[in-house]
Amino acid sequence: MSRSPELIGQARALVAARLTPASAAHSERVARTAVELARRVGVDEADAELAALLHDYARDLGHEELAAQVEDLAVPVLEFEQEHPQLLHARLGAALVRRDLPGVGEAVLSAIEVHTVGALPMSDLDRVVFMADMIEPARNYQGVDEVRATCASATLAECFRVGYGRTVRHLMQTGCPVHPISAAVGAQIERETGRALFDPPEVGR
Ligand SMILES: [Fe+2]
Ligand SMILES: [Fe+2]
């Protein structure tokens, strides 16, 4: 059911109606990027498109509205997330999609749910959506071209190592607190790839 074109059409219409034009446009770009990456690494393209379209379904809610809906839907919240409620748009988004689009399957809901801080374990679909969110064409952070180049040729595990590592390092360098799950996700990435989570600093850039 989650593979049907009708469901993707319904998701696209809901996103356009619910999100700001900027967020809806971001979601469309993530969807196109996710389909490309999914095709390259052998992940179901329809699932990737659906999850990417819906990944920021709760992104535009203010903190108060977000907190109220989290409570209404009994979404579990860690203490860290109470202090950083913006992270909850992922888990709440999955819960809202489950309510609003009942045909969406568990694999797609998972990719929506874990797109901010990751999880243990992470499926290939989860990682495709996480990376597509990082490299969609409007992203312009320092180093995005290297992440895009990795996503164009490396294994999905290596893409995720580079992407997740950059995300965590950026948080640390800017003095932002890091979600408690990130250490475990990072350790899992190191076990899987046999490489350090953080690449050595880039010289001469
Ligand atoms: Fe998001
Ligand atoms: Fe996003």
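Leaving aside neighbours within four places in sequence, alanine 107 is in contact with Asp47, Ser123 and Leu125, where contact means that the C-beta atoms, placed from the backbone, lie within 7 Å. This is a predicted model, in which local features need pLDDT of at least 70 and side-chain atom pairs count only at pLDDT 80 or more, while totals for chains, interfaces and linings use all residues. Residues are numbered from 1 along each chain as its sequence is written, and chains are lettered from A and ligands numbered from 1 in the order in which they are written.

- Alanine 107 lies in helix H7, helices being DSSP runs of H or I with at least four residues, numbered from the N terminus.
- With 17 C-beta neighbours inside 10 Å, alanine 107 counts as partly exposed; a residue is buried if 20 or more other C-beta atoms, placed from the backbone, lie within 10 Å of its own, exposed if 12 or fewer, and partly exposed in between.
- Although 59 residues separate alanine 107 from alanine 48 in sequence, their C-alpha atoms are 9.7 Å apart in space.
- Glutamine 69 belongs to helix H4 and is partly exposed, having 17 other C-beta atoms within 10 Å.
- Setting aside its neighbours within four places in sequence, glutamine 69 is in contact with Leu61 and Leu92, and its C-alpha atom is separated by 22 Å from that of alanine 52, which is 17 residues away along the chain.

**The packing of H1 and H3**

- The axes of helix H1 (residues 5-18) and helix H3 (residues 45-54) come within 9 Å and cross at roughly 15°, the axes being lines fitted to C-alpha atoms over the stretch in contact, with angles running from 0 to 180 degrees between N-to-C directions.
- That angle makes H1 roughly parallel to H3, since angles under 35 degrees count as roughly parallel, over 145 as roughly antiparallel, 65 to 115 as roughly perpendicular and the rest as oblique.
- H1 contributes Leu7, Ile8, Ala11, Arg12 and Val15 to the contact, and H3 contributes Ala46, Glu49, Leu50, Leu53 and Leu54.

- The 21 residues of helix H2 (residues 21-41) should span 30 Å at 1.5 Å a residue, and the end C-alpha atoms are 30 Å apart, which agrees; the expected span is 1.5 Å times one less than the number of residues.
- Buried residues of H2 include His26, Val30, Ala34 and Leu37, and the buried residues of this helix pack against H1, H3, H8 and H9.
- Helix H10 (residues 156-173) has 18 residues that should span 26 Å at 1.5 Å a residue, and its end C-alpha atoms, at 25 Å apart, agree with this.
- Among the buried residues of H10 are Cys159, Phe160, Tyr164 and Val168, and what covers the buried residues of this helix includes helix H8 (124-135), helix H9 (144-153) and helix H11 (181-193).

**Backbone features**

- The peptide bond from leucine 120 to proline 121 is cis, with omega near -10°, and proline 121 is placed in the loop between helix H7 (106-113) and H8.

Note on methods
Helix = DSSP H or I, 4+ residues; strand = E, 2+ residues; numbered from the N terminus. Contact = placed C-beta atoms within 7 Å.
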